[in-house]
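Here are a few friendly notes to read alongside the model. Take the points one at a time, and find each place in the viewer as you go.

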Amino acid sequence: MSLTSNIKRVTTHVLQNMKKQGVKISMLTAYDYSTALLIDSAGIDIILVGDSAANVMAGFETTLPMTLDAMIYHASSVVRAVNRAMVVVDLPFGTYQGNSKEALQSAIRIMKETGAHAIKIEGGKEILESVSRILSAGIPVMGHLGLTPQSINKFGTYAVRATSEEEARKLISDALLLEASGIFGLVLEKIPADLGREVAQKLSIPVIGIGAGGKVDGQVLVVHDMLGITTEFSPRFLRRYHNLSEEIQNSVKQYISDVKSGDFPNENEQY
Ligand code: KIV
């Protein structure tokens, strides 16, 4: 039994206590009802309806084409399944940058139309006005620094971020600014483990890593990657817990063979 299995609903308050008590936070993505039902009942703390749906659900190369309407569709499907986890939803590209009023409208649509508990938003100082305006409406905000996939065209590579002293200093300064603005948690993606540890030590809010080492307050992975549904994406930080792609393909091959041979359906599988 995990230390948090008696918690009825994971809230920002619960997450803050987990950080204080040194209890690690588990987070996975989900984009549909059936997956969310499985991972919520397994006891995950946070479900992220990530804009990585653009990649793993819709087959786009980047997360940029994701729309607010599509995020709302995915998030409402997830919320209908979840009893315990906190559901956090990504604000997609183009719905918050450069216009804090639009950012607030986007966040309000997500909260109103999906029933989710919080939103996540990529960036530091440059999006601070949007973050503050969303927070002023009482909407919990999670930050996201390091590798920020919505800015992939600016960086031109998915390589490890903040490896230079200057970039690391900017990341720490952004993290502190976001914390001071009132966010409840921060995702750090693909940065050196020492920097992940330093940020987690400096901040009093939970810091969740994906490729940010083991000394942060929790971990997040994309569910399709950790279950081995996707096979082509293999960064060093990814631990695969299953090889579902092979299992699914073998089952489908068996089904095809059973249909072709007339083995399916048998006497007991018909009316
Ligand atoms: O969209 C997503 O899945 C994410 C995680 C990689 C943190 O932002």
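1. Start with the overall layout: the C-alpha centres of domain 1 and domain 2 lie 39 Å apart. Domain 1 covers 2-240 and domain 2 covers 244-271, with bounds from an automatic or database domain assignment.

2. A word on what you are looking at: this is a predicted model, in which local features need pLDDT of at least 70 and side-chain atom pairs count only at pLDDT 80 or more, while totals for chains, interfaces and linings use all residues. Residues are numbered from 1 along each chain as its sequence is written, and side-chain values use heavy atoms, with hydrogens and water left out.

3. Now to the ligand. The residues around it, meaning those with a heavy atom within 4 Å, include Thr29, Leu48, Lys120, His144 and Glu189. This shell divides into four nonpolar, four polar and four charged residues; Gly counts as polar in this scheme.

4. Which side chain has an N or O atom 2.5 Å from an oxygen atom of the ligand? That is Ser52. For Asp51, the distance from a side-chain N or O atom to a ligand oxygen is 3.1 Å, and for Asp90 the value is 3.1 Å. The protein covers 95% of the 260 Å² of accessible area that the ligand has on its own (Shrake-Rupley method, 1.4 Å probe).

5. Two backbone details deserve a look. The peptide bond from Phe264 to Pro265 is cis, with omega near -5°, and Pro265 lies in the segment after helix H11 (244-261). Ala162 has a positive phi, near 55°, although the residue is not glycine; find Ala162 in the loop between helix H7 (152-155) and helix H8 (165-181). Helices here are DSSP runs (H or I, at least four residues), numbered from the N terminus.

Terms used. A polar contact is a pair of N or O atoms within 3.5 Å; within protein, one must be able to donate a hydrogen and the other to accept it, and residues adjacent in sequence count only if both atoms are side-chain atoms. Helices (H or I, at least four residues) and strands (E, at least two) are DSSP runs, numbered from the N terminus.
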